[in-house]
Amino acid sequence: MNESHPSTALPTTTAEPVEPGCAGGLTVLDLPDLPGPVDAPDGTADGRTASSAAVQDRLAGRLSDITSLYEHTERLARARGLAATLDTVLASGAALLGARRGMLVTRRPGGGPGQPVGHGLDRASLGALETVPTEQSLLARLLRERDRPAQLHSHDLAEDPATGARLRELAVHLGLGGAYGLPLATEEDGPLAAALWFYDEPAGPTDCQRELARHYCEIAAPLLAKQLEADRISRTTEALRRGLLPDRLPRAAGLRLAARLVPAGLERSTGSDWYDAIPLPDGTIGLTVGSVSGDGPGAGPGSAPGAAAAMGRVRAALRAYAVLEGEDPVSVLGDLELLLKTTEPTRTATAVYAWIEPEERRITLAGAGHCPPVLVGRHGAEFVETSLSAPLGMLACWEAPGVEFVAERGDTLLLYTEGLARRCGPTLHAGQANLRRAAADAPRDVRIDPDRLCAHLLAVCPDPEAAGTATDDLMLLAARFE
(Lines give C-alpha, C1' and ligand atoms only; values in the text may rest on other atoms or scores of the structure.)
Protein backbone atom coordinates (compact mmCIF):
# COMPACT_ATOMS: atom_id res chain seq x y z
CA MET A 1 0.00 0.00 0.00
CA ASN A 2 1.50 3.28 -1.10
CA GLU A 3 0.44 6.47 0.67
CA SER A 4 1.58 9.97 -0.17
CA HIS A 5 1.08 12.75 2.36
CA PRO A 6 0.87 16.41 1.37
CA SER A 7 2.69 19.11 3.28
CA THR A 8 -0.70 20.71 4.01
CA ALA A 9 -4.19 19.37 4.68
CA LEU A 10 -5.01 19.39 0.99
CA PRO A 11 -3.46 17.68 -2.01
CA THR A 12 -1.20 20.15 -3.77
CA THR A 13 0.14 20.24 -7.26
CA THR A 14 3.89 19.78 -7.37
CA ALA A 15 6.31 19.98 -10.22
CA GLU A 16 6.78 16.32 -10.99
CA PRO A 17 8.08 14.67 -14.13
CA VAL A 18 5.17 13.56 -16.25
CA GLU A 19 4.78 11.30 -19.20
CA PRO A 20 4.68 12.69 -22.70
CA GLY A 21 1.14 13.71 -23.41
CA CYS A 22 0.26 14.42 -19.79
CA ALA A 23 -0.82 17.96 -19.07
CA GLY A 24 1.31 18.31 -15.94
CA GLY A 25 0.31 21.92 -15.35
CA LEU A 26 -3.28 21.76 -16.55
CA THR A 27 -4.29 25.31 -15.77
CA VAL A 28 -1.81 26.85 -18.19
CA LEU A 29 -0.95 25.58 -21.60
CA ASP A 30 2.76 26.37 -21.79
CA LEU A 31 4.59 25.79 -24.99
CA PRO A 32 7.67 23.66 -24.37
CA ASP A 33 11.04 25.10 -25.28
CA LEU A 34 11.58 24.44 -28.93
CA PRO A 35 15.03 22.97 -29.61
CA GLY A 36 17.31 24.54 -32.15
CA PRO A 37 18.28 22.84 -35.40
CA VAL A 38 19.72 19.42 -34.85
CA ASP A 39 21.48 17.72 -37.73
CA ALA A 40 21.69 14.02 -38.16
CA PRO A 41 25.19 12.44 -38.27
CA ASP A 42 25.03 12.44 -42.06
CA GLY A 43 24.45 16.21 -42.06
CA THR A 44 20.69 16.06 -42.86
CA ALA A 45 17.88 17.70 -40.88
CA ASP A 46 16.23 14.40 -39.91
CA GLY A 47 17.12 14.96 -36.25
CA ARG A 48 15.41 18.34 -36.27
CA THR A 49 12.33 16.83 -37.93
CA ALA A 50 12.13 14.08 -35.31
CA SER A 51 12.39 16.62 -32.49
CA SER A 52 9.61 18.75 -33.99
CA ALA A 53 7.37 15.70 -34.26
CA ALA A 54 7.94 14.93 -30.57
CA VAL A 55 6.96 18.50 -29.65
CA GLN A 56 3.79 18.21 -31.72
CA ASP A 57 2.93 14.91 -30.04
CA ARG A 58 3.38 16.46 -26.63
CA LEU A 59 1.23 19.46 -27.51
CA ALA A 60 -1.46 17.14 -28.85
CA GLY A 61 -1.31 15.13 -25.62
CA ARG A 62 -1.68 18.24 -23.48
CA LEU A 63 -4.64 19.47 -25.50
CA SER A 64 -6.29 16.07 -25.21
CA ASP A 65 -5.81 16.02 -21.42
CA ILE A 66 -7.14 19.55 -20.97
CA THR A 67 -10.13 18.77 -23.16
CA SER A 68 -10.91 15.61 -21.20
CA LEU A 69 -10.65 17.40 -17.86
CA TYR A 70 -12.84 20.23 -19.13
CA GLU A 71 -15.52 17.83 -20.35
CA HIS A 72 -15.66 16.02 -17.02
CA THR A 73 -15.74 19.19 -14.92
CA GLU A 74 -18.46 20.60 -17.17
CA ARG A 75 -20.48 17.43 -16.61
CA LEU A 76 -19.99 17.86 -12.87
CA ALA A 77 -21.18 21.47 -13.01
CA ARG A 78 -24.39 20.31 -14.70
CA ALA A 79 -25.16 17.73 -12.01
CA ARG A 80 -28.22 18.63 -9.94
CA GLY A 81 -28.51 17.39 -6.39
CA LEU A 82 -26.17 15.51 -4.10
CA ALA A 83 -26.85 12.03 -5.51
CA ALA A 84 -26.16 13.15 -9.09
CA THR A 85 -22.97 14.92 -7.98
CA LEU A 86 -21.62 11.83 -6.22
CA ASP A 87 -22.44 9.60 -9.18
CA THR A 88 -20.71 12.03 -11.55
CA VAL A 89 -17.57 12.22 -9.42
CA LEU A 90 -17.30 8.44 -9.37
CA ALA A 91 -17.98 7.98 -13.08
CA SER A 92 -15.62 10.76 -14.19
CA GLY A 93 -12.88 9.59 -11.84
CA ALA A 94 -13.16 6.08 -13.25
CA ALA A 95 -12.91 7.41 -16.79
CA LEU A 96 -9.87 9.57 -16.02
CA LEU A 97 -8.08 6.74 -14.18
CA GLY A 98 -9.00 3.98 -16.60
CA ALA A 99 -10.78 2.04 -13.83
CA ARG A 100 -14.05 0.15 -14.17
CA ARG A 101 -15.44 0.21 -10.62
CA GLY A 102 -15.39 2.51 -7.65
CA MET A 103 -17.02 3.58 -4.41
CA LEU A 104 -17.37 6.87 -2.58
CA VAL A 105 -18.42 7.81 0.93
CA THR A 106 -19.15 11.20 2.44
CA ARG A 107 -17.93 12.07 5.89
CA ARG A 108 -20.45 11.95 8.70
CA PRO A 109 -20.79 15.04 10.92
CA GLY A 110 -19.12 13.17 13.78
CA GLY A 111 -16.40 11.72 11.55
CA GLY A 112 -16.06 8.41 9.78
CA PRO A 113 -17.53 7.16 6.52
CA GLY A 114 -21.22 7.36 5.76
CA GLN A 115 -23.39 5.33 3.38
CA PRO A 116 -21.34 4.26 0.32
CA VAL A 117 -22.19 5.09 -3.28
CA GLY A 118 -21.01 2.66 -5.93
CA HIS A 119 -19.96 2.75 -9.57
CA GLY A 120 -20.00 -0.62 -11.32
CA LEU A 121 -20.71 -2.31 -7.97
CA ASP A 122 -24.06 -3.88 -7.11
CA ARG A 123 -25.74 -3.51 -3.75
CA ALA A 124 -24.40 -6.83 -2.47
CA SER A 125 -20.81 -5.85 -3.31
CA LEU A 126 -21.21 -2.48 -1.60
CA GLY A 127 -22.68 -4.19 1.44
CA ALA A 128 -19.74 -6.58 1.58
CA LEU A 129 -17.22 -3.72 1.36
CA GLU A 130 -19.02 -2.01 4.25
CA THR A 131 -17.99 -4.93 6.48
CA VAL A 132 -14.32 -3.93 6.28
CA PRO A 133 -13.30 -2.80 9.80
CA THR A 134 -12.61 0.91 10.16
CA GLU A 135 -8.97 0.31 11.02
CA GLN A 136 -8.55 -1.53 7.69
CA SER A 137 -10.70 0.83 5.59
CA LEU A 138 -8.85 2.77 2.90
CA LEU A 139 -11.71 5.24 2.73
CA ALA A 140 -11.49 5.91 6.46
CA ARG A 141 -7.83 6.83 6.03
CA LEU A 142 -8.73 9.35 3.35
CA LEU A 143 -11.30 10.96 5.69
CA ARG A 144 -8.90 11.66 8.55
CA GLU A 145 -8.72 15.17 9.92
CA ARG A 146 -5.00 14.72 10.54
CA ASP A 147 -2.34 12.69 8.74
CA ARG A 148 -4.67 12.33 5.80
CA PRO A 149 -2.87 10.90 2.76
CA ALA A 150 -3.05 12.87 -0.47
CA GLN A 151 -3.57 9.58 -2.30
CA LEU A 152 -3.63 5.83 -1.73
CA HIS A 153 -2.48 3.18 -4.17
CA SER A 154 -2.39 -0.59 -3.92
CA HIS A 155 -1.13 -2.45 -6.98
CA ASP A 156 -2.86 -5.67 -5.88
CA LEU A 157 -5.36 -5.58 -3.03
CA ALA A 158 -5.47 -9.36 -2.68
CA GLU A 159 -1.70 -9.58 -2.06
CA ASP A 160 -1.08 -6.31 -0.23
CA PRO A 161 -0.46 -6.98 3.50
CA ALA A 162 -1.12 -3.31 4.31
CA THR A 163 -4.79 -3.60 3.31
CA GLY A 164 -5.85 -5.96 6.10
CA ALA A 165 -7.19 -9.49 6.04
CA ARG A 166 -10.87 -8.65 5.44
CA LEU A 167 -10.17 -6.40 2.48
CA ARG A 168 -7.81 -8.96 0.94
CA GLU A 169 -10.52 -11.58 1.30
CA LEU A 170 -13.11 -9.38 -0.39
CA ALA A 171 -10.69 -8.47 -3.17
CA VAL A 172 -10.44 -12.15 -4.09
CA HIS A 173 -14.19 -12.71 -3.72
CA LEU A 174 -15.23 -9.63 -5.74
CA GLY A 175 -12.44 -9.81 -8.29
CA LEU A 176 -10.79 -6.53 -7.34
CA GLY A 177 -7.24 -5.98 -8.55
CA GLY A 178 -5.47 -2.70 -7.98
CA ALA A 179 -7.02 0.30 -6.21
CA TYR A 180 -6.42 4.03 -6.22
CA GLY A 181 -8.02 6.49 -3.80
CA LEU A 182 -8.25 10.25 -3.37
CA PRO A 183 -9.81 12.51 -0.73
CA LEU A 184 -12.18 15.36 -1.56
CA ALA A 185 -11.45 18.17 0.85
CA THR A 186 -11.36 21.95 1.11
CA GLU A 187 -9.44 24.25 3.44
CA GLU A 188 -12.67 25.60 4.94
CA ASP A 189 -14.50 22.28 5.46
CA GLY A 190 -11.72 19.73 5.76
CA PRO A 191 -12.44 16.22 4.48
CA LEU A 192 -15.82 15.99 2.77
CA ALA A 193 -15.65 12.61 1.04
CA ALA A 194 -13.29 9.91 -0.11
CA ALA A 195 -13.30 7.97 -3.37
CA LEU A 196 -11.68 4.66 -4.23
CA TRP A 197 -11.49 3.23 -7.73
CA PHE A 198 -10.78 -0.42 -8.54
CA TYR A 199 -9.04 -2.16 -11.43
CA ASP A 200 -10.04 -5.64 -12.49
CA GLU A 201 -6.41 -6.80 -12.51
CA PRO A 202 -3.34 -5.89 -10.46
CA ALA A 203 -2.65 -2.44 -11.87
CA GLY A 204 -2.56 1.24 -11.15
CA PRO A 205 -2.95 4.58 -12.86
CA THR A 206 -0.17 6.21 -14.83
CA ASP A 207 1.41 9.42 -13.62
CA CYS A 208 -0.67 11.29 -16.16
CA GLN A 209 -3.93 9.68 -14.97
CA ARG A 210 -3.10 10.45 -11.35
CA GLU A 211 -2.50 14.09 -12.21
CA LEU A 212 -5.79 14.38 -14.08
CA ALA A 213 -7.76 12.69 -11.28
CA ARG A 214 -6.13 14.87 -8.64
CA HIS A 215 -6.96 18.07 -10.50
CA TYR A 216 -10.50 16.84 -11.02
CA CYS A 217 -11.02 16.13 -7.30
CA GLU A 218 -9.61 19.55 -6.39
CA ILE A 219 -12.26 21.12 -8.63
CA ALA A 220 -15.00 18.77 -7.42
CA ALA A 221 -14.45 19.33 -3.68
CA PRO A 222 -15.90 22.88 -3.37
CA LEU A 223 -18.85 21.92 -5.59
CA LEU A 224 -19.48 18.90 -3.39
CA ALA A 225 -19.31 21.11 -0.28
CA LYS A 226 -22.17 23.22 -1.63
CA GLN A 227 -24.26 20.16 -2.47
CA LEU A 228 -23.70 18.67 0.98
CA GLU A 229 -24.77 21.93 2.63
CA ALA A 230 -27.87 22.14 0.44
CA ASP A 231 -28.72 18.53 1.24
CA ARG A 232 -28.30 19.18 4.97
CA ILE A 233 -30.64 22.17 4.82
CA SER A 234 -33.14 20.17 2.79
CA ARG A 235 -33.14 17.28 5.24
CA THR A 236 -33.52 19.61 8.21
CA THR A 237 -36.42 21.46 6.62
CA GLU A 238 -38.16 18.25 5.60
CA ALA A 239 -37.79 16.93 9.14
CA LEU A 240 -39.35 20.14 10.46
CA ARG A 241 -42.17 19.91 7.91
CA ARG A 242 -42.96 16.34 8.87
CA GLY A 243 -42.69 17.27 12.53
CA LEU A 244 -45.58 19.71 12.01
CA LEU A 245 -47.80 16.80 10.94
CA PRO A 246 -49.17 13.91 13.02
CA ASP A 247 -46.59 11.31 13.97
CA ARG A 248 -49.37 8.72 14.23
CA LEU A 249 -53.04 8.39 13.37
CA PRO A 250 -55.63 7.70 16.09
CA ARG A 251 -57.49 4.43 16.37
CA ALA A 252 -61.25 4.21 16.67
CA ALA A 253 -63.59 1.24 16.70
CA GLY A 254 -65.00 0.67 13.23
CA LEU A 255 -62.55 3.02 11.47
CA ARG A 256 -59.12 2.42 9.88
CA LEU A 257 -56.99 5.37 8.83
CA ALA A 258 -53.97 5.75 6.53
CA ALA A 259 -52.13 8.75 5.08
CA ARG A 260 -49.39 9.59 2.59
CA LEU A 261 -47.31 12.74 2.13
CA VAL A 262 -44.84 13.38 -0.71
CA PRO A 263 -43.52 16.93 -0.25
CA ALA A 264 -42.45 18.99 -3.26
CA GLY A 265 -38.82 19.97 -3.65
CA LEU A 266 -37.77 22.89 -1.48
CA GLU A 267 -36.46 24.88 -4.44
CA ARG A 268 -39.82 24.67 -6.22
CA SER A 269 -42.46 24.53 -3.50
CA THR A 270 -45.01 27.35 -3.47
CA GLY A 271 -47.03 26.22 -0.46
CA SER A 272 -47.37 23.57 2.20
CA ASP A 273 -50.10 20.94 2.74
CA TRP A 274 -51.40 19.36 5.90
CA TYR A 275 -53.48 16.40 6.98
CA ASP A 276 -54.79 15.55 10.40
CA ALA A 277 -56.99 13.08 12.23
CA ILE A 278 -58.25 14.54 15.51
CA PRO A 279 -59.77 12.35 18.26
CA LEU A 280 -62.57 14.41 19.83
CA PRO A 281 -63.81 14.22 23.44
CA ASP A 282 -67.10 12.49 22.54
CA GLY A 283 -65.36 9.62 20.72
CA THR A 284 -65.85 11.02 17.23
CA ILE A 285 -63.06 11.83 14.79
CA GLY A 286 -62.27 15.01 12.87
CA LEU A 287 -60.48 14.53 9.55
CA THR A 288 -58.94 17.37 7.58
CA VAL A 289 -56.61 18.07 4.68
CA GLY A 290 -55.63 21.47 3.36
CA SER A 291 -53.02 23.67 1.77
CA VAL A 292 -51.55 27.05 2.70
CA SER A 293 -50.16 29.44 0.09
CA GLY A 294 -49.70 33.16 -0.42
CA ASP A 295 -47.25 36.04 -0.35
CA GLY A 296 -46.47 36.20 3.32
CA PRO A 297 -42.94 36.47 4.75
CA GLY A 298 -40.83 33.76 3.18
CA ALA A 299 -43.56 32.73 0.74
CA GLY A 300 -43.21 32.07 -2.98
CA PRO A 301 -41.33 29.47 -5.04
CA GLY A 302 -38.59 27.81 -3.07
CA SER A 303 -39.95 29.05 0.26
CA ALA A 304 -41.12 25.81 1.80
CA PRO A 305 -39.78 26.73 5.28
CA GLY A 306 -42.00 29.84 5.48
CA ALA A 307 -45.01 28.07 4.05
CA ALA A 308 -44.49 25.11 6.37
CA ALA A 309 -44.37 27.39 9.40
CA ALA A 310 -47.66 29.01 8.34
CA MET A 311 -49.18 25.58 7.74
CA GLY A 312 -48.19 24.51 11.25
CA ARG A 313 -49.92 27.54 12.76
CA VAL A 314 -53.09 27.02 10.72
CA ARG A 315 -53.25 23.30 11.49
CA ALA A 316 -52.77 23.93 15.22
CA ALA A 317 -55.62 26.44 15.17
CA LEU A 318 -57.87 24.04 13.29
CA ARG A 319 -57.24 21.34 15.91
CA ALA A 320 -58.35 23.72 18.64
CA TYR A 321 -61.50 24.70 16.75
CA ALA A 322 -62.27 21.03 16.09
CA VAL A 323 -62.13 20.22 19.80
CA LEU A 324 -64.41 23.16 20.60
CA GLU A 325 -67.03 22.69 17.87
CA GLY A 326 -65.94 19.73 15.78
CA GLU A 327 -69.43 18.45 14.99
CA ASP A 328 -70.08 21.60 12.95
CA PRO A 329 -67.56 21.67 10.06
CA VAL A 330 -68.92 24.99 8.75
CA SER A 331 -68.20 26.69 12.08
CA VAL A 332 -64.72 25.13 12.25
CA LEU A 333 -63.79 26.47 8.82
CA GLY A 334 -65.49 29.79 9.54
CA ASP A 335 -63.36 30.27 12.66
CA LEU A 336 -60.27 29.30 10.68
CA GLU A 337 -61.19 31.91 8.05
CA LEU A 338 -61.36 34.65 10.69
CA LEU A 339 -58.03 33.62 12.19
CA LEU A 340 -56.35 33.48 8.78
CA LYS A 341 -57.52 36.95 7.83
CA THR A 342 -56.43 38.33 11.21
CA THR A 343 -53.04 36.67 11.68
CA GLU A 344 -52.03 35.64 8.12
CA PRO A 345 -53.53 38.43 5.99
CA THR A 346 -51.31 37.80 2.98
CA ARG A 347 -51.98 34.07 2.81
CA THR A 348 -54.87 31.92 1.66
CA ALA A 349 -55.79 28.33 2.38
CA THR A 350 -57.98 25.61 0.95
CA ALA A 351 -59.36 22.98 3.29
CA VAL A 352 -61.80 20.15 3.85
CA TYR A 353 -62.96 19.25 7.34
CA ALA A 354 -65.05 16.13 8.02
CA TRP A 355 -66.68 15.13 11.32
CA ILE A 356 -67.14 11.36 11.58
CA GLU A 357 -69.12 9.16 13.91
CA PRO A 358 -67.39 5.80 13.32
CA GLU A 359 -70.03 3.50 14.83
CA GLU A 360 -72.92 5.04 12.88
CA ARG A 361 -70.70 5.75 9.84
CA ARG A 362 -72.18 9.24 9.69
CA ILE A 363 -70.11 11.94 7.97
CA THR A 364 -70.62 15.70 8.01
CA LEU A 365 -68.15 17.77 6.04
CA ALA A 366 -67.51 21.19 4.53
CA GLY A 367 -64.95 22.42 2.03
CA ALA A 368 -63.34 25.75 1.26
CA GLY A 369 -62.09 25.94 -2.32
CA HIS A 370 -60.81 22.39 -2.03
CA CYS A 371 -60.95 19.26 -4.21
CA PRO A 372 -64.07 17.16 -3.54
CA PRO A 373 -63.49 13.99 -1.49
CA VAL A 374 -63.97 10.57 -3.11
CA LEU A 375 -66.08 7.82 -1.56
CA VAL A 376 -64.87 4.37 -2.61
CA GLY A 377 -67.41 1.56 -2.26
CA ARG A 378 -67.90 -1.98 -3.43
CA HIS A 379 -69.51 -0.84 -6.67
CA GLY A 380 -67.03 1.88 -7.63
CA ALA A 381 -66.11 5.40 -6.52
CA GLU A 382 -67.89 8.74 -6.61
CA PHE A 383 -67.22 12.33 -5.65
CA VAL A 384 -68.73 13.79 -2.50
CA GLU A 385 -69.78 17.12 -3.98
CA THR A 386 -69.20 19.90 -1.49
CA SER A 387 -70.75 23.28 -2.24
CA LEU A 388 -68.65 25.61 -4.37
CA SER A 389 -66.81 28.17 -2.27
CA ALA A 390 -63.72 30.32 -2.39
CA PRO A 391 -60.54 29.47 -0.45
CA LEU A 392 -60.21 30.82 3.05
CA GLY A 393 -58.93 34.39 3.19
CA MET A 394 -60.24 35.51 -0.21
CA LEU A 395 -63.73 36.80 0.68
CA ALA A 396 -65.00 39.33 3.18
CA CYS A 397 -66.87 36.52 4.93
CA TRP A 398 -66.59 32.82 4.19
CA GLU A 399 -69.52 30.48 4.69
CA ALA A 400 -70.83 27.44 2.86
CA PRO A 401 -73.37 24.78 3.79
CA GLY A 402 -72.14 21.44 5.05
CA VAL A 403 -72.83 18.04 3.48
CA GLU A 404 -74.10 15.10 5.53
CA PHE A 405 -74.37 11.45 4.47
CA VAL A 406 -74.04 7.91 5.82
CA ALA A 407 -71.37 5.56 4.47
CA GLU A 408 -71.85 1.83 4.05
CA ARG A 409 -69.74 -0.72 5.85
CA GLY A 410 -66.59 -1.26 3.77
CA ASP A 411 -66.62 2.21 2.19
CA THR A 412 -63.46 4.32 2.18
CA LEU A 413 -63.43 8.12 2.25
CA LEU A 414 -60.48 9.72 0.43
CA LEU A 415 -59.39 13.27 1.23
CA TYR A 416 -56.57 14.70 -0.90
CA THR A 417 -54.94 17.99 -1.83
CA GLU A 418 -54.73 19.73 -5.17
CA GLY A 419 -51.13 18.69 -5.76
CA LEU A 420 -52.13 15.04 -6.14
CA ALA A 421 -55.01 15.85 -8.47
CA ARG A 422 -52.80 17.99 -10.71
CA ARG A 423 -50.26 15.20 -10.94
CA CYS A 424 -52.96 12.79 -12.09
CA GLY A 425 -53.86 14.61 -15.30
CA PRO A 426 -53.17 17.56 -17.60
CA THR A 427 -55.78 19.72 -15.82
CA LEU A 428 -57.19 19.82 -12.31
CA HIS A 429 -60.57 18.51 -13.47
CA ALA A 430 -59.00 15.69 -15.50
CA GLY A 431 -56.72 14.81 -12.60
CA GLN A 432 -59.64 14.51 -10.20
CA ALA A 433 -61.47 12.27 -12.66
CA ASN A 434 -58.38 10.08 -13.11
CA LEU A 435 -57.94 9.80 -9.36
CA ARG A 436 -61.56 8.71 -8.91
CA ARG A 437 -61.21 6.19 -11.74
CA ALA A 438 -57.99 4.76 -10.30
CA ALA A 439 -59.68 4.29 -6.92
CA ALA A 440 -62.68 2.59 -8.53
CA ASP A 441 -60.49 0.28 -10.61
CA ALA A 442 -58.19 -0.74 -7.75
CA PRO A 443 -58.18 -4.49 -7.02
CA ARG A 444 -60.50 -5.57 -4.25
CA ASP A 445 -57.65 -6.59 -1.92
CA VAL A 446 -56.25 -3.07 -2.32
CA ARG A 447 -59.56 -1.26 -1.81
CA ILE A 448 -60.23 -3.00 1.50
CA ASP A 449 -56.90 -1.82 2.95
CA PRO A 450 -56.61 1.99 3.27
CA ASP A 451 -52.83 1.88 3.55
CA ARG A 452 -52.46 -0.18 0.36
CA LEU A 453 -55.05 2.00 -1.39
CA CYS A 454 -53.00 5.14 -0.63
CA ALA A 455 -49.85 3.50 -1.96
CA HIS A 456 -51.72 2.29 -5.05
CA LEU A 457 -53.08 5.73 -5.90
CA LEU A 458 -49.69 7.41 -5.50
CA ALA A 459 -48.12 4.79 -7.76
CA VAL A 460 -50.82 4.87 -10.45
CA CYS A 461 -51.84 8.51 -10.69
CA PRO A 462 -48.79 10.78 -10.70
CA ASP A 463 -47.61 11.86 -14.14
CA PRO A 464 -44.00 10.57 -14.50
CA GLU A 465 -43.03 13.59 -16.61
CA ALA A 466 -44.07 15.94 -13.78
CA ALA A 467 -42.18 14.08 -11.05
CA GLY A 468 -39.14 16.34 -11.23
CA THR A 469 -41.00 19.63 -11.59
CA ALA A 470 -43.79 19.39 -9.00
CA THR A 471 -44.48 22.62 -7.10
CA ASP A 472 -47.21 21.15 -4.87
CA ASP A 473 -47.11 18.56 -2.13
CA LEU A 474 -48.92 15.27 -2.66
CA MET A 475 -51.28 14.55 0.24
CA LEU A 476 -53.75 11.72 0.72
CA LEU A 477 -55.82 10.66 3.77
CA ALA A 478 -58.00 7.55 3.68
CA ALA A 479 -60.64 6.42 6.23
CA ARG A 480 -62.27 2.97 5.84
CA PHE A 481 -65.45 2.03 7.71
CA GLU A 482 -65.49 -1.54 9.02
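I began at strand E11, where Ile363 is the bridge partner of Ile356. Strands here are DSSP runs (E) of at least two residues and helices are runs (H or I) of at least four, numbered from the N terminus. I noted that the model is predicted, that local features need pLDDT of at least 70 and side-chain atom pairs 80 or more, while totals for chains, interfaces and linings use all residues. Residues are numbered from 1 along each chain as its sequence is written, and side-chain values use heavy atoms, without hydrogens and water.

I then followed E10 (residues 347-357) and E11 (residues 362-368), which pair in the antiparallel sense over seven bridges; pairing requires at least two DSSP bridges between two strands. Four residues lie between the strands of this hairpin, and Arg361 takes a positive phi near 55°. Ten of the eleven residues of E10 are buried, so the strand is largely enclosed by the rest of the structure. Buried means under 20% relative accessible area, exposed over 50%, and partly exposed in between (1.4 Å probe, protein chains only).

I looked next at salt bridges (a side-chain nitrogen of Lys or Arg within 4 Å of a carboxyl oxygen of Asp or Glu). The structure holds 20 of them. Arg256 meets Asp449 with the closest N and O atoms 3.4 Å apart. Arg256 lies in strand E7 and Asp449 in the loop between helices H11 and H12, so this pair ties together parts 193 residues apart in sequence.
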